[in-house]
Amino acid sequence: MPFEWKLASLDELKGLLLATPLQDSQVRVNLATVKVEQPISLGLEALSFVVDGGAETSIEAFNAPGDVDVDGVIGEAATQEDVLKLSPPLVLGQDAWLKYGVRARAKAQAGATMPFLSASASGEVTLFVADYHVHSLTEQLRDAINKDTKNLRLPLVLDHVLKLQPKEALSFQARTRLETSVSLRWADVFTSNLNALSRLLPAGTLLGLKTSIGASVVGSVTVSDDFILTFSREQAGAMVVSVQKGAVRGPKLAAQIGVSVEAAGAEVIDAALNALVGLPGLAQFEALLDKLATLQLNEEEKKVLRLALDRLGLSDYEADASALKKAWEDQKAKAKQALTTMAAEKIAAGFQYEYARLSDEQTLLRLVLSDEQLKQFHTPLVMGRLSQVLGKIEPGALRSYFQQATRTLNEAWGFSLGFSKWSLLHSQTQKKLQRVTQYGSPDRVHGPKRYAYVGLRSYEGGLFQDRGGWSIDFKCDMGGFKSEPTVRDFDFGLYMLLRRNGKLSDESLRQAIDEAIVWHVLDDADEEQVFKQIRDAAKGGPVEVRLEVKLADTLFRELTSLVAFGQPEFFAKALARSMPWSSIRARSEPEFRQGVYAPLWMAYLTEKAKDWTPQKAAQRAAAWLKQDRIAKGVGGEVAFWEGTGRANTFADVLDKNSRLADVGGMYGGTYVRWQRLVSGMARLRDGLVQGADPTLIDSVFSELEELWLVSFHVKAFGAMLLDLSTRSVQGLKAVERTFTVVAGTGEQQTQLVFSASRAE
């Protein structure tokens, strides 16, 4: 066999090993260290690989559950509860394995590009190579080693890989620059990420983007990190290829990620331009521009054009057709660039989010190739060019790509590329905060660490009177490794989602639009236009509506301090704005509701919910509305009769959302949960100032998520943060927010995404 490697002093080695079956409990994991007999070298494209003579080879045995392979190639099967982890390529069970590991050197010829990253000026790098041989548990240890050492293999040699038997593997680890790709639906790019487009319109202008569900964008991703590439067999004729995060063997650098995306297609560009123009639409608008140059516009056409120019902020150019044409071409170029920017930012942020939450030795990619395919793809795989492989394999060959069954990622909402995957961690009644730890050196106790949290509270079921749910993703992760990390080293963020689905009634659609106004995604003046567009798109069929808001680190930190002051008037206003919508005057507009109900909620909060039973709440609400001037209609009648305590009255909302057993059966749940929210934000604010231990995050999340248990509180929490954002240094322009509607079924689905532009 070409390029085979042999071990020296085997007779001496055999004398040290027990003549015992591999299943014997005396067979420890680390058996021996022995040297390579003579150097071997091989070439692959413009790279040379060398295993030096005298290089040390480790021999390890794995024969029982609990045995730990530092490379993660052998291990116990992943449990069904751990949705973030795949089983290793080789699973401990009814067999034994011997692992032979050795270091190889790699170097590129002059002018050639090497995927393996060097820490030295020489450009030479070290790869750790491992050969896994399977044996029966009853086989003698000496016999097994004697057989294996006559047939040691390298993963860099195609013939060696092809000769793997079922349940055997070859792997190598190196710091590698992997080239991979992500295919993402444009429909998911647009959710919560329209700021780059909306900034092209004057402040307060509604942007409504209509697209099909099917269009996708491909992002080319480079990841520089320590990786393990493993070839393993489950059965003859098929090779399983796994790419895992590498084990820590020395000082480690944080991963570096870069993204570039292909240009948007004509369909997506036209959709964006139509959204910018609004009525009369792109085609008619450009026809009017052409006609303006000939001075042949009639009065009606001038009126239509003037409205479009006002919307685009181009009205100053109306008198000069040539300048107007140029200004519009500049606007189109900015729109195309905005699309590219949006896609690149979405993929980069999502990839970074998910990659940071993969612990060491977890699997990034797993696919199955036939032996014939392996002959074609072996070199690109060894060179880290995964995109060349992913672009040519059949869809069924891909088992997992970031725990996805397909490379086209769906439900890329919020911070992630696969939101539904994270929501599987949580049930309606379960609170779970999961911390992933990555290590920067083999010393896991004292060495540098990098933490990333998955903190999600979600609910699926009844949302007000409809089907739907809500989710809040509490993002906190570190950018690099720290020996003594504190909460100062974390980037924070918050993603909030309200969702409804089904054949929604007009009342339900009005409620959903009202929620978007409450969260400052839409303005009051947009309500009728948005309602009509949704009705036209739905055509009486099912729809899904999603309201999404995302806050990045800088704004989140500022809001943390504002909430931590615990001023009840902010939460009272938010609770009032969040009262259920009704066509009756007192409930029809968020600003009006705030004026009517904020004093009631303020009294409830300042009195610490004492004696606020539903009966007393109904009486107080009725008395307040009878004497409140703004709560009365034109004829002086009470606009919303609160004294009955029926559905959606103040007393009913308080009753449904404020019951809490640990306050003595009183209806103080809203007050208590708000107090715990304030406490959590204050603790986080102080922890950021003082540089507290990261364990603070666990207790802070526990306090915050108590307010996220019911939809009314989630809605009020979002309303408070959005209101406080208007008072922040960055303002609403720093908040990513969208109102998304998906109508139709299958390939005929249409998506509408709305967002009002905000001033810089």
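Visitor: Pockets, then. What counts as a pocket?
Guide: A pocket is an open set of grid points with protein on both sides within 12 Å along at least five of seven lines. Keep in mind that this is a predicted model.

Visitor: OK. What volume does the largest pocket have?
Guide: About 720 Å³.

Visitor: Which residues are closest to its centre?
Guide: Gly-208, Lys-210, Leu-279, Gln-533 and Leu-752 are the closest to the centre of the largest pocket. They belong to a lining of 29 residues.

Visitor: And which element gives the most to that lining?
Guide: Helix α14 does, with 6 residues. Several elements supply at least two residues each, among them β10 (206–212), α6 (266–277) and β23 (750–756).

Visitor: What is the lining like by class?
Guide: The lining of the largest pocket has 14 nonpolar residues, 10 polar and 5 charged.

Visitor: Let's stay with α14. Which salt bridge does Lys-532 form?
Guide: Lys-532 pairs with Asp-536. Their closest N and O atoms are 3.0 Å apart. Both residues lie in helix α14, 4 residues apart, and that is about one turn of the helix.

Visitor: Is Lys-532 buried or exposed?
Guide: Lys-532 is exposed, because its relative accessible area is 54% and the cut-off for exposed is over 50%. Asp-536 has 43%, so it is partly exposed.

Visitor: How many salt bridges does the whole structure have?
Guide: The search finds 52.

Visitor: Why does Glu-544 count as buried?
Guide: Its relative accessibility is 17%, and buried means under 20%. Arg-499 is buried too, with a relative accessible area of 13%.

Visitor: Which residues are linked in a network of salt bridges?
Guide: Glu-60, Asp-69, Asp-71, Lys-99 and Arg-249 are.

Visitor: New topic: rings. How many aromatic pairs are there?
Guide: The count comes to 23 aromatic pairs. In one of them, Phe-490 and Phe-492 have ring centres 6.2 Å apart and planes at 40 degrees, so that pair is tilted.

Visitor: Are Phe-490 and Phe-492 buried or exposed?
Guide: Both are buried. They also belong to a cluster linked by ring pairs. Its other members include Tyr-453, Phe-474, Phe-556, Phe-701, Trp-708 and Phe-717.

Visitor: What about charges over rings?
Guide: Here are two cases. Arg-510 lies over the face of Phe-531, 3.9 Å from the ring centre. The charged end of Lys-475 sits over the ring of Phe-415, at 5.9 Å from its centre.

Visitor: What lines the largest cavity?
Guide: Its lining includes Phe-172, Thr-176, Leu-178, Phe-227 and Val-243. Strand β9 has the largest share, 3 residues. β9 (169–185), β11 (216–235) and α10 (371–382) each supply at least two residues.

Visitor: And by class?
Guide: The lining of the largest cavity has 8 nonpolar residues, 2 polar and no charged ones.

Visitor: Last one. What does the whole protein look like?
Guide: The secondary structure comes to 22 helices and 23 strands. The C-alpha trace spans about 105 × 80 × 45 Å along its principal axes. Of the 760 residues, 56% are buried.

How values were computed. Residues numbered from 1 in each chain as written. Predicted model: local features only at pLDDT ≥ 70, side-chain atom pairs only at ≥ 80, totals over all residues. Heavy atoms only, no water. 1 Å grid on protein atoms, 1.4 Å probe; cavity = no way out; pocket = protein on both sides within 12 Å on 5 of 7 lines; lining within 4 Å. Points joined across faces, edges and corners; volume = space filled by probe spheres on them. Nonpolar A, V, L, I, M, F, W, Y, C, P; charged D, E, K, R; others polar. Salt bridge = Lys/Arg side-chain N within 4 Å of Asp/Glu carboxyl O. Buried < 20%, exposed > 50% of the residue type's maximum accessible area, 1.4 Å probe, protein only. Phe/Tyr/Trp six-rings, centres within 6.5 Å; stacked < 30°, edge-to-face > 60°. Lys NZ or Arg CZ within 6 Å of the ring centre and 35° of its normal.
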